[in-house]
Amino acid sequence: MGKTKEQHETEILAVIEKNKVMKIQHIFTHYLDLKSAQFYNLELEKSESIKEAINLNKTKAVSYMINKWIASENPTLQISAFKVLCDDDERKKLSMQFMETDNKHEVKQFEIEIIGRKEKNTDEHSI
């Protein structure tokens with residue numbers, strides 16, 4: 001007899017934690033007891049525990065990377081960290097090409113003048 005949904009869920013949670021899985025698709029690289037179709041048939045993608053475990057790994061990874069970027073001597077990484085952490089006003093001040101537009105979606109009338117070209121006289125005969 002096969003494993004229950006709960007058994008799969010428990011084992012998948014251990015795989016997510018051990019391998020720092022950050023996407024559902026990556027589970028199947030490490031957990032070979034289920035194919036992706038079986039996973040979705042069991043509706044394990046709806047498991048709050050699995051979603052929380054994946055989210056936790058993502059959050060830890062983002063925090064780790066941002067802290068590395070801040071501690072780096074590389075200005076590009078420091079600016080990247082700032083862009084992730086700052087608010088919109090700070091981001092605008094940092095931007096080299098900030099443009100604010102006001103789209104009114106107005107219909108405007110315009111005229112087109114067609115300039116014709118002179119037609120050749122086809123009645124003349126060549127000598």
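**Entry 1: ground rules.** I call a residue buried when its relative accessible area is under 20%, exposed when it is over 50%, and partly exposed in between, using a 1.4 Å probe and protein chains only. I am looking at a predicted model, where local features need pLDDT of at least 70, side-chain atom pairs count only at pLDDT 80 or more, and totals for chains, interfaces and linings use all residues. Residues are numbered from 1 along each chain as its sequence is written, and side-chain values use heavy atoms, with hydrogens and water left out.

**Entry 2: two loop residues.** I started with E43, which sits in the loop between α3 and α4. I took my helices from DSSP runs (H or I, at least four residues), just as strands would be runs of E with at least two, all numbered from the N terminus. E43 counts as partly exposed because its relative accessible area is 41%. Its phi is positive, about 60°, although E43 is not a glycine. I noted this because most residues other than glycine have a negative phi.

Next I went to K20, in the loop between α1 and α2. K20 is not a glycine either, yet its phi is positive at about 55°. Is K20 buried or exposed? It is exposed, because its relative accessibility is 58%.

**Entry 3: helix α4.** I wanted to check the length of α4, which covers residues 48–71 and has 24 residues. The expected span of a helix is 1.5 Å times one less than its number of residues. For α4 that gives 34 Å, and the C-alpha atoms at its ends are 34 Å apart, so the two values agree.

Which residues of α4 are buried? I found I50, A53, I54, N57 and I66. I then looked up what covers them, counting a contact when heavy atoms lie within 4.5 Å. The cover includes α1 (5–19), α2 (24–30), α3 (36–41) and α5 (75–85).

**Entry 4: salt bridges.** How many salt bridges does the structure hold? There are five, each one a side-chain nitrogen of Lys or Arg within 4 Å of a carboxyl oxygen of Asp or Glu. I followed some of them up.

K3 pairs with E11, and the closest N and O atoms are 2.7 Å apart. K3 is partly exposed because its relative accessibility is 37%. E11 is partly exposed too, at 29%.

D33 also forms a salt bridge with K3, with 2.4 Å between the closest N and O atoms. This pair links distant parts of the chain: D33 lies in the loop between α2 and α3, K3 in the segment before α1, and they are 30 residues apart. With a relative accessible area of 43%, D33 is partly exposed.

Then I moved to helix α6, residues 88–94, where D88 and R91 are three residues apart and therefore separated by about one helical turn. D88 and R91 form a salt bridge whose closest N and O atoms are 2.7 Å apart. D88 is exposed at 53% relative accessibility, whereas R91 is partly exposed at 32%. Back at the shared partners, I saw that salt bridges join K3, E11 and D33 into one network.

**Entry 5: A14.** My last stop was A14, in helix α1. A14 is partly exposed because its relative accessible area is 44%. How far apart are A14 and Y31, C-alpha to C-alpha? They are 9.7 Å apart in space and 17 residues apart in sequence.
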